[in-house]
Amino acid sequence: MPTYKSLILLSTIALTTVGTATADVTKASQKQAAATDMKITTITKMYQQDIDDQGMSNPIVLQQYANADLQAAMQLEQDYFDKTQMSCNVDYDVLWDSQDPDYTQDKKFSMTDKGLVQVSLAQGSNIYYDLTCNDKDCQIADVSLNEDGGTLSKHLLETCR
């Protein structure tokens, strides 16, 4: 008889453990989905603000959504210009990959396998945003026009010193 009680007890423990593990996986999936939604919502909101202001936000809309590190890199650009009266920037609007953005063009927002928000523009360009999030909001850590590591902050840090 003790063997049956032991088997029942072990089965109960095993089922409880499986149930807890399943709940943990579900919670992790829900948390990841919420973070993905927050990231896409942040970038969508930024683009809508830029469209509404026709690119005339001050400070520029990207700087408003950037984290402290990206803001510091962008400040290097302004300091360089103030000192030399020359630009060390990429010479186009990064959000739109264009010098003369078409604010009415269609856009598609999605997530890459690397966790970046990809904005696919009707003109054929893709812009990738790396975001950091907490429970309340997300901030842009960096921007890239490709997935090979060339980023806006890297460019500014190398060029604007």
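Mentor: Threonine 42 counts as buried, at 11% relative accessibility. Buried means under 20% relative accessible area, exposed means over 50%, and partly exposed lies in between (1.4 Å probe, protein chains only). The model is predicted, so local features need pLDDT of at least 70 and side-chain atom pairs pLDDT 80 or more, while totals for chains, interfaces and linings use all residues. Residues are numbered from 1 along each chain as its sequence is written, and side-chain values use heavy atoms, without hydrogens and water.

Threonine 42 sits in helix H1. Helices (H or I, at least four residues) and strands (E, at least two) are DSSP runs, numbered from the N terminus. Leaving aside neighbours within four places in sequence, threonine 42 contacts Tyr65, Leu131 and Cys138. Contact means heavy atoms within 4.5 Å.

Now the nonpolar core. The term covers buried Ala, Val, Leu, Ile, Met, Phe, Trp, Tyr and Cys residues joined through side-chain atoms within 4.5 Å. The largest one holds 31 residues; Ile43, Met46, Tyr47, Leu62, Tyr129 and Ile140 touch the most other members. Helices H1 (2-53), H2, H3 and H4 (152-159) each supply at least two residues, as do strands S2 (117-121), S3 (126-133) and S4 (138-144). H3 gives the most, with 5 residues. In soluble globular proteins, nonpolar side chains tend to be buried together.

Take tyrosine 129. Beyond four places in sequence, its contacts include Ile43, Met46, Tyr47, Leu62 and Ile140. Tyrosine 129 also touches Leu95, Leu116, Val117, Val119, Asp142 and Val143.

Next, asparagine 67. This residue lies in the loop between helix H2 (61-65) and helix H3 (68-84). Asparagine 67 is buried, with a relative accessible area of 11%. A polar atom of its side chain lies 3.2 Å from the backbone nitrogen of aspartate 69. The backbone nitrogen of leucine 70 lies 2.9 Å from a polar atom of that side chain. Not counting residues up to four places away, asparagine 67 touches Thr132, Gln139, Ile140 and Ala141.

Finally, the whole chain. There are 4 helices and 4 strands, in the order α-α-α-β-β-β-β-α. Of the 161 residues, 32% are buried. Among contacts between residues at least 6 apart in sequence, 50% join residues at least 24 apart.

Key. A polar contact is a pair of N or O atoms within 3.5 Å; within protein, one must be able to donate a hydrogen and the other to accept it, and residues adjacent in sequence count only if both atoms are side-chain atoms.
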